[in-house]
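We'll take a pair of helices to begin with, then go through the ligand sites.

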Amino acid sequence: MTQPRRTLTGIKPSGELHLGNYLAALKPVLELADSGYEAFCFIANYHAITLPIRAEDLSENTYTHIANWLAFGADKKKGVVFYLQSDIPEIFELTWILSCYTSKGLLDRSHAYKDAISKNKKAVNLGLYAYPVLMAADILAFDTDVVPVGKDQKQHVEIARDIAGAFNFEYKEDVLRLPEPLIRENVKTVPGVDGEKMSKSYNNIIPVFAEPDKIRKLVAKIKTDSSLPGDPKDPGKCIIFSIYKLFAQDSDVEDLRKRYISGGLGWKDAKAL
Ligand code: ADP
Ligand code: TRP
């Protein structure tokens with residue numbers, strides 16, 4: 001009998017769970033679970049401390065993320081293995097072992113690390129630099145085949161693959177399984193209210209669970225241009241349209257596209273949709 005394929009993903013509890021997290025990681029991993037994959041889902045709480053975070057916030061976010069994941073169905077009833085990263089000490093033991101098979105050059109080339117260095121060199125600690133090794137341990141510890149993530153994490157999954165390859169090469173045996181990223185084209189980079197990538201670190205998120213009033217206020221903050229209600233608008237350049245099309249039915253998206261192009265739709269009305 002062939003073994004079922006395995007999928008795994010994690011999300012940092014560094015802030016509220018947002019639309020980008022849900023669409024790129026949480027939703028696909030649970031859909032794969034429904035289609036017969038063995039699914040492993042976890043809260044990456046040790047990844048969340050590579051940047052400063054207050055203990056109270058980390059604790060509260062962690063509980064909130066647990067509740068959010070459970071609300072979406074990440075539980076045993078579905079056959080999903082759901083856990084807190086810090087509860088599995090073997091992940092941290094494996095991190096050290098893998099770090100001894102990771103060339104420094106590989107980590108030097110990480111975009112996330114290079115980005116952090118360019119923003120504030122002094123804020124880069126060893127944990128942030130070694131972040132991809134911990135992520136490789138998360139993935140390789142469970143013989144993962146497929147890792148659903150957003151585009152920003154593609155390189156980290158490739159680094160996990162490279163580390164596994166280096167380890168296997170050393171021992172001339174396929175000890176570690178090589179993982180593949182799964183990146184859905186339409187949600188690879190969900191924009192935030194400012195048009196940049198939606199991220200807990202950029203203060204531009206729309207949370208998945210929040211009071212309708214709070215969501216309305218955040219939607220009202222979505223950046224638009226200075227065109228008047230009567231002006232025709234380019235749906236391809238509009239953040240409201242990009243977010244709307246992630247959720248609306250195809251026919252509604254088409255209707256809205258036509259309204260943009262023909263003019264007569266004000267930004268306030270578009271936000272109210
Ligand atoms: P954040 O950037 O908000 O801190 P995480 O780093 O915890 O989010 O990311 C958890 C998962 O969500 C990863 O798979 C990541 O690629 C994905 N993700 C985060 N933001 C986005 C986004 N704006 N669009 C698509 N995927 C995203
Ligand atoms: N590094 C991921 C992020 O910031 C979170 C994460 C940690 C992860 N370990 C993982 C995602 C393993 C997928 C697989 O988005």
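Helix H3 (residues 89-99) packs with helix H6 (residues 126-140) at an angle of about 120 degrees, their axes 8 Å apart. Helices here are DSSP runs of H or I with at least four residues, strands are runs of E with at least two, and both are numbered from the N terminus. The axes are lines fitted to C-alpha atoms, for helices over the stretch in contact, with angles running from 0 to 180 degrees between N-to-C directions. H3 and H6 are therefore oblique to each other (under 35 degrees counts as roughly parallel, over 145 as roughly antiparallel, 65 to 115 as roughly perpendicular, the rest as oblique).

A word on the ground rules: this is a predicted model, where local features need pLDDT of at least 70 and side-chain atom pairs count only at pLDDT 80 or more, while totals for chains, interfaces and linings use all residues. Residues are numbered from 1 along each chain as its sequence is written, chains are lettered from A and ligands numbered from 1 in the order written, and side-chain values use heavy atoms, with hydrogens and water left out.

H6 turns up again at ligand 2, where it gives the largest share of the shell, four residues. Strand E1 (6-11) and H6 each supply at least two residues there. Of the 14 residues around ligand 2 (a heavy atom within 4 Å), His47, Tyr131, Met135, Asp138 and Gln153 come nearest. What about polar contacts, meaning pairs of N or O atoms within 3.5 Å? The side chain of Tyr131 has an N or O atom 2.6 Å from an oxygen atom of ligand 2, and a polar side-chain atom of Asp138 sits 2.7 Å from a nitrogen atom of ligand 2. The protein covers 92% of the 360 Å² of accessible area that ligand 2 has on its own (Shrake-Rupley method, 1.4 Å probe).

Of the 19 residues around ligand 1, His18, Asp152, Val190, Lys197 and Lys200 come nearest, and helix H1 (residues 19-34) provides the largest share of the shell, four residues. A polar side-chain atom of Lys197 is 2.7 Å from a nitrogen atom of ligand 1, while a side-chain N or O atom of Ser199 is 3.0 Å from an oxygen atom of ligand 1. Taken alone, ligand 1 exposes 530 Å², and the protein buries 97% of that.

Key
Polar contact = N/O pair within 3.5 Å; in protein donor to acceptor, adjacent residues only side chain to side chain.
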